[in-house]
Amino acid sequence: MSSAKIEDKFNALELARAAALEDAPKPEQVGELVSISYDETADSDEARIATYLFEASLPAYVGWRWAVTVAKVEDSSSATICDVVLLPGVESLLAPEWIAYKDRLLPGDVGPGDIVPTSADDARLVPGYAALPGDEELDLAQHFEFGLGRARVLSITGRDLAAQRWYAGDRGPNNPISQQAPKPCNSCGFFIPIAGSLRSAFGVCANILSPDDARVVSVDHGCGAHSEALVVTD
Ligand code: SF4
């Protein structure tokens, strides 16, 4: 829009342009007047504050404008400069919306030596005293552990072979991610002990951010996504 067609109620166009020129690295980086907007104050029907927008020709600031805010103490006063800033226009290239670090993490992001913070109010964790199952659920679990409802159950030989294999594997204690973990799995809120005679040695990881999510881990395994590794309160 041509500046000649924009009504200047404050008669402060040249004052505002001079302020923008003072802030601009080069005079040619202050362009045409784009608009003038007026703000009314509580004690007057007349606007006391106006913002003059000028095109800005700055490298890396495509579509941005110089915004010069001027004010008048009284209707009859001369305008004075309040502020000069650069503001983005509708076509400006802006940074993407900021996303908190904990919300940016994806499964598979945690490697050896990494520490993942857990919120104090993380919905996936509850205090230990709140984790008792109801009576009905407990009864069903006991029935299943006795082998009822299955034709065959694991033999002692089969169990020992599995335990040796799991303990010596990537989810036992002898690997870089465990050795650099802040704490072992048996103190982690995401550790679900398994049923039966292997309960004291193994459990299942239930942390989506851990590389071992949904896998059997030994009690002395560990990773940087341990629930108590780093607790943030926001
Ligand atoms: S592997 Fe990590 S997140 Fe999973 S139970 Fe062990 S310490 Fe917790």
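Student: How many helices and strands does the protein have?
Tutor: The secondary structure comes to 5 helices and 9 strands. Helices (H or I, at least four residues) and strands (E, at least two) are DSSP runs, numbered from the N terminus. Residues are numbered from 1 along each chain as its sequence is written. The model is predicted, with local features needing pLDDT of at least 70 and side-chain atom pairs counting only at pLDDT 80 or more, while totals for chains, interfaces and linings use all residues.

Student: What pattern do they follow along the sequence?
Tutor: Along the sequence the pattern reads α-β-β-β-β-α-β-α-α-α-β-β-β-β.

Student: How many bridges join strand 2 to strand 3?
Tutor: There are 7 bridges between strand 2 and strand 3 (residues 64–71), which run antiparallel. In that pairing Leu 53 is opposite Ala 67 of strand 3, and Ile 49 is opposite Ala 71 of strand 3. On the other pairing, strand 1 (residues 30–40) and strand 2 (residues 47–56) are antiparallel over 8 bridges, with Tyr 38 opposite Ala 50 in strand 2.

Student: Which residue is the bridge partner of Pro 193 in strand 7?
Tutor: Gly 203 of strand 7 is the partner of Pro 193. Strand 6 (residues 191–193) and strand 7 (residues 202–205) pair over 3 bridges in the antiparallel sense. Gly 203 in turn has Val 217 of strand 8 as a bridge partner. Strand 7 and strand 8 (residues 216–218) are also antiparallel over 3 bridges, and Phe 202 is bridged to Ser 218 in strand 8.

Student: Which residues come nearest the ligand?
Tutor: Of the 14 residues around the ligand, Cys 185, Cys 188, Cys 205, Asn 207 and Cys 223 come nearest. A residue is near a molecule or strand if its C-beta atom, placed from the backbone, lies within 6 Å of it. By class the shell has 8 nonpolar, 5 polar and 1 charged residues. Here Ala, Val, Leu, Ile, Met, Phe, Trp, Tyr, Cys and Pro count as nonpolar, Asp, Glu, Lys and Arg as charged, and the others, Gly among them, as polar.

Student: Val 110: buried or exposed?
Tutor: Val 110 counts as buried because there are 21 C-beta neighbours inside 10 Å. The cut-off for buried is 20 or more other C-beta atoms within 10 Å of the residue's own, 12 or fewer being exposed and anything in between partly exposed, with C-beta atoms placed from the backbone.

Student: Where is Val 110, and which residues does Val 110 touch?
Tutor: Val 110 is in the loop between helix 2 (101–104) and strand 5 (118–119). Leaving out residues up to four places away in sequence, Val 110 touches Val 116, Leu 209, Ser 210, Pro 211, Cys 223, Gly 224 and Ala 225. The C-alpha atoms of Val 110 and Ser 210 are separated by 6.1 Å, although the two are 100 residues apart along the chain.

Student: How much of the whole protein counts as buried?
Tutor: Of its 234 residues, 23% are buried. In helix 4, the count of buried residues among 13 is 0.

Key
Pairing = 2+ DSSP bridges. Contact = placed C-beta atoms within 7 Å.
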